[in-house]
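The sequence and structure come first.

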Amino acid sequence: MASKNKNNSTVYQVLLDCQRVGIPIDFDKITDEQIEQADAIFRYHQYPDRKLTFIKKAAALYSAAFDLPLTEGYIFAILEALMSTHNCIQISMATLATLANVSKPAVSNSIKDLKQKGFIAEVYPSAKSSPAVYMINPKEATKGKVYSTLQHDFDLFAGEATEMHDWLCEQSKFKGLVIQDNLKLKDQDRVQKYREAVADHKRKEVAWPEITYTSVSSK
């Protein structure tokens, strides 16, 4: 009887759960390669009724989005959430202003900065009766099945802004590593305090220190 999900597989975990509720699963006949293939298929499913697709977001340590000013970060998060499986979204300034509850000038300034920093690229400019189409940098997030030239296509639209984004990510990664190192030091300090308290038998309880392409329109 299988009991461990050694590869942290979503599909394998589902099979384990099925087994636990009495559904017979013959794990001896399932290979690691089959599980990997099933995971790959599962990753791009849209359900229920093809209305849900997974969004893959860059880890905090490698994303410069966490260092964006508040309004810019909020606008970018909205664009990420609404983008299509080609990382594109067509949306007006007015709709973004409504969704973010900010003024249209604030949205306009945020979009301008996001383009300069390489977080988004403008695929088609706005026309009289058609909002602009933007593309999200795949290094920040992707949605659904990702085709092989997605990053290349973004770089063509973004131009030199992609280099700015890479530089911002390096800065963010450096700060993340510094924070991680500080947390490790704090953890070591906590462990040492605990050991000292136990060794001296001065107290039974230890007070742990704190570780400090989708078109969207408004209705």
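Of the 219 residues of the protein, 31% count as buried, that is, under 20% relative accessible area with a 1.4 Å probe and protein chains only. The model is predicted: local features need pLDDT of at least 70 and side-chain atom pairs pLDDT 80 or more, while totals for chains, interfaces and linings use all residues. Residues are numbered from 1 along each chain as its sequence is written, and side-chain values use heavy atoms, without hydrogens and water.

**Surface and fold**
- The protein has seven helices and six strands, taken from DSSP runs (H or I, at least four residues, for helices; E, at least two, for strands) and numbered from the N terminus.
- Along the sequence, the pattern reads α-α-β-α-β-α-α-β-β-β-α-α-β.

**Strand E4**
- Strand E4 spans residues 133-136, with buried Val 133 and Met 135 on one side and buried Tyr 134 and Ile 136 on the other.
- In a regular strand, side chains alternate between the two faces of the sheet.
- E4 runs antiparallel to strand E2 (residues 88-91), joined by three bridges; Gln 90 has Val 133 as its bridge partner.
- Four bridges join E4 to strand E3 (residues 120-124), also antiparallel, and Glu 122 has Tyr 134 as its bridge partner.
- Strands pair if DSSP finds at least two bridges between them.

Terms used:
Buried < 20%, exposed > 50% of the residue type's maximum accessible area, 1.4 Å probe, protein only.
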